[in-house]
Amino acid sequence: TDVVAVKLDGKLAASAVLRIDPATRSSPAPIAPISLPSPSPFMRAYLEGREWAGLYRRLNDAPATPETQYLQAEILASCAKREAAAGKAAVKADTREQRRSEFLASLSPNDPQLEKRKVAWEKLNVDRCGELAQTDYNADDVNKLVEAASAGGDPRAKAWQLTNQIEEERKAKADGNPRPIQNVLTDAQFATIRALLASQDPLVVEEFRNILSSSIDGGSIRIGPNQLTIDNLAMHHALALVACDFAAPCDENSRT
């Protein structure tokens, strides 16, 4: 089945977004297992997401590669402390114990899943960032790392840059516009998305997940031989499963 971008005038966009090969109901065909390279130790530690502060130190000490530069940028973007936006007062974050107490107070003691819910909360609230949460966020440093990783050919960094470009273009078009503005995508951007998805990297899939499951200004994404309009929520969840197929951690310890 082809997932394609369709213009509102009914004409097909120049580039298909994504190609999937599911079995049909009438004549199911065997699906070959996906053969993917094993993630590097650095990438595996990042994907498991249990302790990023130590990983960041190891990345700093390692030789600079597109992957190490990308991972440093991702960890800083996720963990570093950002200043409050102009005109907004800084909000003091609740401590982990405060949030845990509030969560436990919200549970019914008669809930048959009580213990499982407690375990799930602990897994979801692991402190991955450690001392990095006290590091001031520096956008220039992060952007330099992403640019270097992208110049070195890292598909995840390229996906990061394209996602940011699309978001900035949406904001620019929305400025002063009385109606809500959705993502504005060109045929060239769709072609780049498709090429980057061919890397079969789970973080690339995650990067484009919101774009491919959102409304598009001036067009739509459709799927299958009948060019049916996608269900955005179903597409969002389906792409999470695609990321699992591409080696994202999806076991019982996965945040997802």
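Q: Where is the place of Phe246?

A: Phe246 is found in the segment after helix H10 (232–245). Please keep in mind that this is a predicted model, in which local features need pLDDT of at least 70 and side-chain atom pairs count only at pLDDT 80 or more, while totals for chains, interfaces and linings use all residues. Residues are numbered from 1 along each chain as its sequence is written, and side-chain values use heavy atoms, with hydrogens and water left out.

Q: Is Phe246 buried or exposed?

A: We judge that by relative accessible area: buried means under 20%, exposed over 50%, and partly exposed in between (1.4 Å probe, protein chains only). Phe246 has a relative accessible area of 12%, so the residue is buried.

Q: How many residues apart in sequence are Phe246 and Pro202, and what is the distance between them in space?

A: Sequence and space are two separate things to read. Phe246 and Pro202 are 44 residues apart in sequence, and their C-alpha atoms are 5.3 Å apart in space.

Q: Now to rings. How many aromatic pairs are there?

A: Rings of Phe, Tyr and Trp (its six-membered ring) pair if their centres lie within 6.5 Å; planes under 30 degrees apart count as stacked, over 60 as edge-to-face and the rest as tilted. The count here comes to 3 aromatic pairs. One of them joins Tyr46 and Trp52, a stacked pair with 4.9 Å from centre to centre and 10 degrees between the planes. Tyr46 is buried, at a relative accessible area of 8%, and Trp52 is buried too, at 4%.

Q: Why is the pair of Phe103 and Trp121 stacked?

A: Read the angle alongside the distance. The ring centres of Phe103 and Trp121 are 6.0 Å apart and the planes lie at 25 degrees, so this pair counts as stacked. Phe103 belongs to helix H4 (residues 96–105) and Trp121 to helix H5 (residues 114–124), so the pair ties together parts that are 18 residues apart in sequence. Phe103 is partly exposed at 22%, whereas Trp121 is buried at 10%.

Q: Which residue lies over the face of Trp52?

A: A charge sits over a ring if NZ of Lys or CZ of Arg is within 6 Å of the ring centre and within 35 degrees of the ring normal. Arg128 lies over the face of Trp52, 4.0 Å from the ring centre. The charged end of Arg82 sits over the ring of Tyr137, 3.8 Å from its centre.

Q: How many salt bridges does a search of the whole structure find?

A: A salt bridge is a side-chain nitrogen of Lys or Arg within 4 Å of a carboxyl oxygen of Asp or Glu. The search finds 13 salt bridges. Among them, Arg50 and Glu48 meet at 3.9 Å, N to O; Arg50 is partly exposed at 40%, and Glu48 is partly exposed at 42%. Asp111 pairs with Arg117, with the closest N and O atoms 2.5 Å apart. Here Asp111 is buried at 18%, while Arg117 is partly exposed at 38%.

Q: Where do Glu167 and Arg170 lie?

A: Both lie in helix H7, 3 residues apart, about one turn of the helix. Salt bridges that share partners join Glu67, Asp154, Arg156 and Asp201 into one network. As for Glu167 and Arg170, their side chains form a salt bridge at 2.9 Å, N to O.

Q: What do the buried residues of H7 pack against?

A: Start with who is buried: in H7, the list is Arg156, Ala157, Ala159, Trp160, Leu162, Thr163 and Ile166. The buried residues of H7 pack against helix H1 (41–48), helix H3 (66–79), helix H6 (139–151), H8 and helix H9 (202–212).

Q: Which residues is Asn183 in contact with?

A: Contact means heavy atoms within 4.5 Å. Asn183 sits in the loop between helix H7 (155–174) and helix H8 (187–197) and is buried, with a relative accessible area of 11%. Leaving aside neighbours within four places in sequence, Asn183 is in contact with Ile166, Glu167, Arg170, Ile211, Ser214, Ser215, Ile216 and Asp217.

Key. Helix = DSSP H or I, 4+ residues; strand = E, 2+ residues; numbered from the N terminus.
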